[in-house]
Amino acid sequence: MASKFQSRLVGTIVLVAIGVIFLPDFFDGKKQHFQEQFASIPLQPQTGNEGSVTAIPEPVDAETELPPMAVTEQIAGEPVLTESVSEPVNVKPPPVGEPQPGNTDSGWVIQLGVFRNFENAHQLVEKLRSKGYQAHVLPKQLKPGDLARVVVGPEIDKDKLSEKADDLRKLTGLNGQLLRFNPLNP
């Protein structure tokens, strides 16, 4: 025979199981079910003005021939020849590495240094700006592990910028390197 403790334990487990299963349904009250109304979509749309459709006429082929001689046109009494010349044109490709007229990446910068410490780079830029140089830190925001480059420029004229290199060497003690500036990928 089972002991009183075991009987009470089994009874308590049965009552708790009944409470867990049936009491939530009892306290929820009357359940409301919502059913959305769906409208069926017709497979082919109904059109009201089917009689107003106009047929597109077929294109007309005209039997024409070009004249056997060159066509001339007369402007102020002088005949002008309008025949097109179809000789191949040889275009010489531009030399690689030299800036082309109208090319936007033909500027120059002096890279003074590459810094791991972003604050040191900004201090150098502030020093250069106070002396009147156009100095920048590239990239503007660093991700962990990136290096900050300090550059002076950009300048279109390479000779003008190379003259500043000696002054920068005296001011900062850094040997700058003259590099081509690309505005799309600085």
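Lysine 160 counts as partly exposed, because its relative accessibility is 43%; the term covers values between buried, under 20% relative accessible area, and exposed, over 50%, computed with a 1.4 Å probe and protein chains only. Lysine 160 forms a salt bridge with glutamate 155, and their closest N and O atoms are 4.0 Å apart. A salt bridge here is a side-chain nitrogen of Lys or Arg within 4 Å of a carboxyl oxygen of Asp or Glu.

The model is predicted: local features need pLDDT of at least 70 and side-chain atom pairs count only at pLDDT 80 or more, while totals for chains, interfaces and linings use all residues. Residues are numbered from 1 along each chain as its sequence is written, and side-chain values use heavy atoms, with hydrogens and water left out.

**Overall architecture**

The protein has three helices and six strands, where helices (H or I, at least four residues) and strands (E, at least two) are DSSP runs numbered from the N terminus. In order from the N terminus, these elements run α-β-β-β-α-β-β-α-β. Of the 186 residues in the protein, 15% are buried. Among contacts with a separation of 6 or more, 60% join residues 24 or more positions apart; contact means heavy atoms within 4.5 Å. The accessible surface is about 16800 Å², and carbon and sulfur atoms account for 57% of that surface. Such areas come from the Shrake-Rupley method with a 1.4 Å probe, and for residues only the protein chains shown count as cover.

**The sheet and its helices**

Four strands form an open antiparallel sheet in the order β4-β5-β3-β6. Strands β4 (135-138) and β6 (177-181) stand at the edges with a single partner each, so one side of each has no neighbour in the sheet. From one strand to the next, the twist averages 40°. Angles run from 0 to 180 degrees between N-to-C directions, and axes are lines fitted to C-alpha atoms, for helices over the stretch in contact.

Four antiparallel bridges join β4 to β5 (residues 148-155); two strands pair if DSSP finds at least two bridges between them. Within this pairing, histidine 136 stands opposite valine 151 in β5.

Two helices pack on the sheet. Helix α2 (residues 118-130) touches β3 (107-115), β4 and β5, and its direction makes about 165° with that of β4. Helix α3 (residues 158-172) touches β3, β5 and β6, and its direction makes about 30° with that of β3.

Glutamine 111 lies in strand β3 and counts as buried, because its relative accessibility is 13%. Leaving aside residues up to four places away in sequence, glutamine 111 touches Arg149, Val150, Val151, Asn175, Gly176, Gln177 and Leu179.

**Salt bridges**

The structure holds two salt bridges, listed below.

| Salt bridge | N to O distance |
|---|---|
| Lysine 160 and glutamate 155 | 4.0 Å |
| Arginine 169 and aspartate 166 | 2.9 Å |

Arginine 169 and aspartate 166 both lie in helix α3, three residues apart, about one turn of the helix. Arginine 169 is partly exposed because its relative accessible area is 35%; aspartate 166 is also partly exposed, at 43%.

**A nonpolar surface patch**

Val10, Val14, Val16, Ile18, Val20, Ile21 and Phe22 form a nonpolar patch on the surface, with about 670 Å² of accessible area together. Patches consist of residues with over 30% relative accessible area and no salt bridge; like charges are joined within 9 Å, and nonpolar side chains (Val, Leu, Ile, Met, Phe, Trp, Tyr) within 5 Å. Valine 20 lies in helix α1 (residues 4-28) and is exposed, because its relative accessible area is 59%.
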